[in-house]
Amino acid sequence: MSESLGWEAIAAVDQLLEDRPDKVGHDFSAATRRLATWRDALVQRQRHSPARRDNSALERVNAAISVILGGQFPLGRVPWPEIARVRQQLHELLRDEVDQPAAPTGTSAETTRS
Amino acid sequence: MALWDLANADCIVVMGSNIAENHPVAFRFVTEAQQRGAVVVHVDPRFTRTSAIADIHAPIRSGTDIAFLGGVIRYILANDLWFREFAMAFTNIATIIEDSYRDAEDNGGVFSGFDAKNGSYATDSWQYQGEVLASPLAEHVVTAEGVAQTTGLPPPTDPTLQHPRCVYQIMRHHYERYTPEMVERVTGCPQNNFLRICEALTRNSGRERTSAFCYAVGWTHHAHGVQIIRAASIIQGLLGNIGRPGGGMMALRGHCSIQGSTDIPTLYNMLPTYLPQPNAYLPHKTFREFLAAETVPTGWWHNFPAYMVSLLKAWYGAHAQPANEFGYNHLPKLAGDHSQLPMTLAMVEGVVKGQFVLGQNPVVGAVNSELVQRGLAKLDWLVVRDFAMTETANFWQKGSLIQSGELAPSDIATEVFFFPAAMAAEKEGTMTNTSRLVQWHDKVCDPPGDNRSELWFIYHLGRRLKQLYAVSAEPRDAAILALTWTYPVSGDAAEPDAAAVLREINGYTVADRKQVTSYQALKDDGSTACGGWMYAGVFPAQHDNRARSRRPDGPGGRGSHQGWAFAWPDNRRTLYNRASADLEGRPWSERKRMMWWDAAQRKWAGTDTPDFVPTKAPDMRPDWSKHPEGMDALGGDDPFIMEADGKCQLFVPSGLKDGPLPTHYEPVESPVANPMYPEQFNPAAKLWPRPGNAIHAPQDPNYPYVLTTYRLTELHCGGVSTRVMPHTAELQPEAFVEISVELAQELGIANLDWTVLSTARGEIEVKALVTQRLRPFLIDGKLVHEVGMPWVFGWEGYARGAIANVLLAIHGDPNTSIHTTKALTCAVRKGRLLPSAKAVAHV
């Protein structure tokens, strides 16, 4: 589940980099929301898989959220080069995830609330 | 300036404040000045109790303050009424600006350097010719290349003021169109009223007389709020009303230690006492790089490394060593704007998982209340601490969205922890507010039951976190483990010792743990620790708490009352007080004596602590052949020591994000087109339009009226503390909206009729108070109505009513990210909300 959410988040970041919206703000929402959803799924996976001690995926997605949020609410210029690097790192993260043996993922990724 | 120094003013202009009702204690000094003959002016859209006492009341349309103040600047310059000796010596009026500078007058309403794509400015063209004047605050560095630079020479000037790009000529050109006619056309203030104020201000400024401005959030809460304050500062610089008795800019701070919460900040972009927070996108990767980038070559801020190292020593103690850069990497780095408004939106996006709310009631006090509630509903957990139930703590049960039926409590999974808090008299500690006055208050009695102080909560939370992470080897937990957290506790509740915290903020020598007596003792080698350099001296010995001192000057005394509490820095009551003396160090006049150069003693003397190097003679000049740094680069005639060039900044080369000179832009929401520029509103304003936070277009016919909000004397701050008290609640029993007689007639509304106020953010119903205290304005030939509503009501307590902030939008000033509460647009109609659309329960 978290892998598909990851690809959705990367697609939203791709779209952001393609559009490079002139006015910051709401245009970043899709990427921010999808990354947050992915993050929540990773949290659930962590909580429901006590044996899984590797936090690196969660840490990397959290770091990505910081960069995207910094673009959504920038101080001065939007950090486009850093956002491009984030996309690259998220690709690498998903490749690493696929390379790892599957682990029990707990209940569900539906952690966002109404 | 000190509050009591207002009594020494010859003219007081209250603008952006209703001082009589919101700062009644401070207002006694205004009335004292008036009794001594001072002229009191109130510039405000509403006629309030301040207006009733004032000699002149000038109503202006909300949000047009810069047009008014720009008109005053033009009046001063055009009539050559500025205090020439003061301004020529102490301001940058003669400094020459870069060739590439283009003024908003000649550049379509924006200054040179504007990037329309990002809505931000590069400041290169605003600089002094051939130099870059760096701002000491990291967040103010708009461009990454904004590292401090200097040519090692004084800034270029033209003392004849003929150079077309000297500040004087730039200002004359910039404000040329701010005529009395234009002031009336933009603000609605009649010309004769405006001119009376200009005459009063200029007549009461100069060698023998001084004038003061008093302001509060009526200036700050705009998308161009910082520039409003700047405009008044320019007036005061031109008229010589800074650093002198009865002269200055009186920032009337909020009651609940608001000044303290910026000094020892709850702000995201500052470390204690205005040190910059490191930024991930600036050259701040290592401590060495950070200090190199942020240390200003000249002026007092050159001492930044000593303050920064001492802060890290106070926080991380033995874990802060030269080998680990004094723990610099424990500090989080800014990645963007993490202030309250963006973080509210981030909550709505689902990014934020939990929130602590201490000393706040954001469902009532934060703009766009329903969006705030939507954000709270997305959290996993919410901690609220207060001594009575607040709207923030029970939003899930009684909130606007629950009342309207949009959400049910069962839809909200946020786990709310409501902690009982101690009241002020049930705990000891300090309050820091107007005048930078740090005042200690003792505990009168124990709080009842499980109520605890904020200090207790934070201390024990930190202690438990340290226990939880004790075995962690994760780098991200290192900051918590390294933190010094050794405050003594006492009593059954294990209450931490607040005096111990203040001692740490004051600072001490590491080797023998002796209190430092002043910030001059702080070092950059790790031998001193200090939690906030500006507070050094508040606790200069183990048992000497100067904040607790209560010794006022008697009749015939110095009048600075330095024995009453502690004013940072260095118990100094008037900042930049070197400016109270002329170039040679003599008081500008006997009547306005404050500081003077004592040639026999070779030091500055006077009624206050000098805000200057005490032994620097007035005729000292920097030896530029030696490439001076720090204070050595400022002469004995450079009073504004926190500025890199020691001058009052009439024109600001660095440090502002929306232009070097204040310019009239309309509020983001306005019923009129900007009569002065093609740019409708501040082009650098922080806008975050999104569903639930739509912004009205200029002149939107659906929202034709100006809306302003304000407090009430009888209901304190967010209201809960006084709404739950019967004796204060009965004084203001329910919410209301003030509507002019003219608008009421137009809409068929009678006094006490129900009305519905609406914006694109929400709707509320509230009773009308039809009053002559508000009058319509004639703006550019069009009648504009303004309505006003107190924002202090909610659904808790005895005095209840609609939350005005349901109507407001989230957008911010580009410099501070502060919200706009004083000038928006709305619709008004007679009647009540449809049951399904009720936003607030009037129980």
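This is a predicted model: local features need pLDDT of at least 70, side-chain atom pairs count only at pLDDT 80 or more; totals for chains, interfaces and linings use all residues.
Take the contact between the chains to begin with. Chain A puts 29 residues into it, and chain B puts in 38 residues. Together the two chains bury about 2,700 Å² of area, with carbon and sulfur atoms giving 50% of that figure. There is charge pairing here too: three salt bridges turn up across the interface of chain A and chain B. One of these partners is Arg33(A), which pairs with Glu349(B), and the closest N and O atoms of the two sit 2.7 Å apart. Polar contacts between chain A and chain B come to eight residue pairs, counting those where both residues have pLDDT 80 or more.

H3(A) has the largest share, at seven residues. Sorted by class, the residues on this side of chain A come out as ten nonpolar, nine polar and ten charged.

Next comes the second largest pocket, which holds about 1,100 Å³ of space. Its lining is made of 47 residues, and those closest to the centre are Ala2(B), Leu3(B), Trp4(B), Asp5(B) and Phe29(B). Two elements of chain B give two or more residues each to this lining, namely helix H2 (24-35) and strand S14 (437-441). Of the contributors, H2(B) gives the most, with seven residues.

Side chains of opposite charge can pair when their charged atoms come close. Over all chains, the search of the whole structure gives 44 salt bridges. One that stays inside chain A links Arg85(A) to Glu82(A), with an N to O distance of 3.8 Å. Both Arg85(A) and Glu82(A) belong to helix H4 (residues 80-99) of chain A, where they are three residues apart, or about one turn of the helix.

Finally, the backbone has a couple of spots worth a look. Most peptide bonds are trans, and most residues other than glycine have a negative phi. In chain B, though, the bond joining Trp568(B) and Pro569(B) is cis, with omega at about -10 degrees. Pro569(B) sits in the loop that runs between strand S21 (566-567) and strand S22 (595-598) of chain B. In chain A, Arg20(A) is a residue other than glycine with a positive phi, near 40 degrees. Arg20(A) is also found in a loop, the one between helix H1 (2-19) and H2 of chain A.

Methods
Residues are numbered from 1 along each chain as its sequence is written. Chains are lettered from A and ligands numbered from 1 in the order in which they are written. Side-chain values use heavy atoms; hydrogens and water are left out. On a 1 Å grid over the protein atoms alone, a cavity is a set of points where a 1.4 Å probe fits but cannot get out, and a pocket is an open set with protein on both sides within 12 Å along at least five of seven lines; lining residues have an atom within 4 Å of a point. Grid points are joined across faces, edges and corners, and a volume is the space filled by probe spheres set on the points. Helices (H or I, at least four residues) and strands (E, at least two) are DSSP runs, numbered from the N terminus. Contact means heavy atoms within 4.5 Å. Buried area is the accessible area (1.4 Å probe) that two parts lose on being put together, summed over both. A salt bridge is a side-chain nitrogen of Lys or Arg within 4 Å of a carboxyl oxygen of Asp or Glu. A polar contact is a pair of N or O atoms within 3.5 Å; within protein, one must be able to donate a hydrogen and the other to accept it, and residues adjacent in sequence count only if both atoms are side-chain atoms. Ala, Val, Leu, Ile, Met, Phe, Trp, Tyr, Cys and Pro count as nonpolar, Asp, Glu, Lys and Arg as charged, and the others, Gly among them, as polar.
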